[in-house]
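I opened my notebook to look through this structure one piece at a time. Here is what I looked up, in the order I went.

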Amino acid sequence: MQHDADQDSRATGQRRIGIKALLLRTFLPAVAILALLLAVLVYQWLHAIILQQFDERLIAVSAISGAMVDPSDHDRLIAMAQAGGDPAVIEASDLYRRNVDPMRQIRTALGLTYLYTQVQGRPEEVVYILDSGDGEDHSPIGSADRLPAETMAGLRAVQQDGSLYISGVQYQDQWGLLKTAAAPLYRADGQIGGTAGADVNVSVLRVATQTILFQSALIGMASIMLCLLATFYIMRRVARPMERLTQEALRLATGDYRPPAEFRAAREVSALRDSLAQMAQHGRQDQQQAMMDRADHRVRQSEQHLCRAHAAVVAPILLVTTATRDVMWLPTGAEAAPYGLAAQLEARAIARLAAKMAGNDPLIDAAELLVNGDHGALLSLWHDEQKLSLSGSVPLMLMMAGKPVWLMPGDSIAIIGDARDIRYRGDVLPWAGAW
């Protein structure tokens, strides 16, 4: 029992969630996840493009630098470095400057960190010859440097087969995080005698990465805004019609059988609205049928009372007869005996009133005002229009052409068949017949 109660409480809690809240709870997490995935994909894509651009730039610069260096000059500079000459004197010479100045211009223009030439020294070491750097970033001619094993393997491959080498982001003890490219550097005899290298510091990559990260964030925010707009559009097209339809269904459940109002909605919602309209129509018909059944029940009870009534019978009284209409007083009754003392007294009063009205036009015109409708109703037969009209407080059932016809107070209906055959509670109404 407790388990069923918990299930009922959970079901009730779920029903209390509005369709707008349900859509928001469904779409907003999906929007956030979609935007995050889109931002991550865009970031990875742009980051890969940036790395590829740096790779292409480093390879192109190292290859061009290697081609720009004069092989004979470079061979002489290597010999000077190996002979132990003074680096300051060598670097001040025209031999060194005419080869390193173009490299400095290229490095500055392209925003590279290092641009240099190097030859193989002792195992796992290189010896710098030309270096376009300045200040602390400058490596004097003849200075040795120990590089990571992966980089040394790449440099050896360049010198062996003349291929191009590009490394990933690597950490070097002296220079930090670098991305390195190397191209073959030829000697005067046409053999590969060293490599031309180009490096970019990871800080440059970080700046570019921060830029694309900001772009990715903007793309993510834009995607979130677009998804939110799409969500609100869906809520407008789906949630509002569904809420309107829910209100119409609740109104119908209270017994208000007016048809649902027309509103723009999706095809499925429109189909539900049409179903509610059909239900409202059936409910209205059932309501009318129930009212007619209750009235018919009262009539049958009245007939039963009539069968049990005493000899004093209250019959319909022709109250007014004119050239245009006949007005007849009909006795009415519900649960109580319709032909009791009060009904008999009213019938006698109506009979006397009918006698006084004969030929008295002012009284004829005020007939409806003079008659009390507590135990009777006035039924008017209009000669020219061939119709009946009812004044009173309760509906009457007449038999015309053998068919039951309900007449509501204040209503007018056309006569079916012959007016001389209109019956009320089994008796033919005694119209004047002059018409």
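How many bridges join S7 to strand S8, and in which direction do the two run? I am working with a predicted model here, and in it I found four bridges between S7 and S8 (residues 325-331), with the two strands running antiparallel.

**Entry 1: the sheet around S7**

I looked next at how the chain gets from S7 to S8, and found a hairpin of three residues joining them. As a reminder to myself, strands of a sheet pair through backbone hydrogen bonds, either parallel or antiparallel.

**Entry 2: the nonpolar cores**

I turned to the nonpolar side chains, with the general point in mind that in soluble globular proteins they tend to be buried together. Which residues have the most contacts inside the largest nonpolar core? They are Leu 77, Ile 129, Leu 130 and Ile 141, in a core of 25 residues. I then checked which elements give two or more residues to this core: helices H2 (19-68), H3 (71-83) and H5 (94-110), along with strands S1 (114-120), S2 (125-131), S5 (176-186) and S6 (192-201). H5 gives the most, with five residues.

Setting aside residues up to four places away in sequence, Leu 77 touches Ile 90, Leu 95, Tyr 96, Ile 129, Leu 130 and Ile 141. Apart from this core lies another, of 19 residues, including Leu 381, Met 400, Ile 413 and Leu 429.

**Entry 3: Leu 398**

My last stop was Leu 398, which lies in strand S11 (residues 396-400). Is Leu 398 buried or exposed? Its relative accessibility is 1%, so Leu 398 counts as buried, the cut-off being under 20%. Beyond its neighbours within four places in sequence, I found Leu 398 in contact with Leu 379, Leu 388, Lys 403, Pro 404, Val 405, Ile 422, Arg 423 and Tyr 424. I also looked up a distance: the C-alpha atoms of Leu 398 and Val 428 are separated by 9.9 Å, with the two residues 30 apart along the chain.

Note on methods. Residues numbered from 1 in each chain as written. Predicted model: local features only at pLDDT ≥ 70, side-chain atom pairs only at ≥ 80, totals over all residues. Heavy atoms only, no water. Core = buried A, V, L, I, M, F, W, Y, C linked by side-chain atoms within 4.5 Å. Buried < 20%, exposed > 50% of the residue type's maximum accessible area, 1.4 Å probe, protein only. Contact = heavy atoms within 4.5 Å. Pairing = 2+ DSSP bridges.
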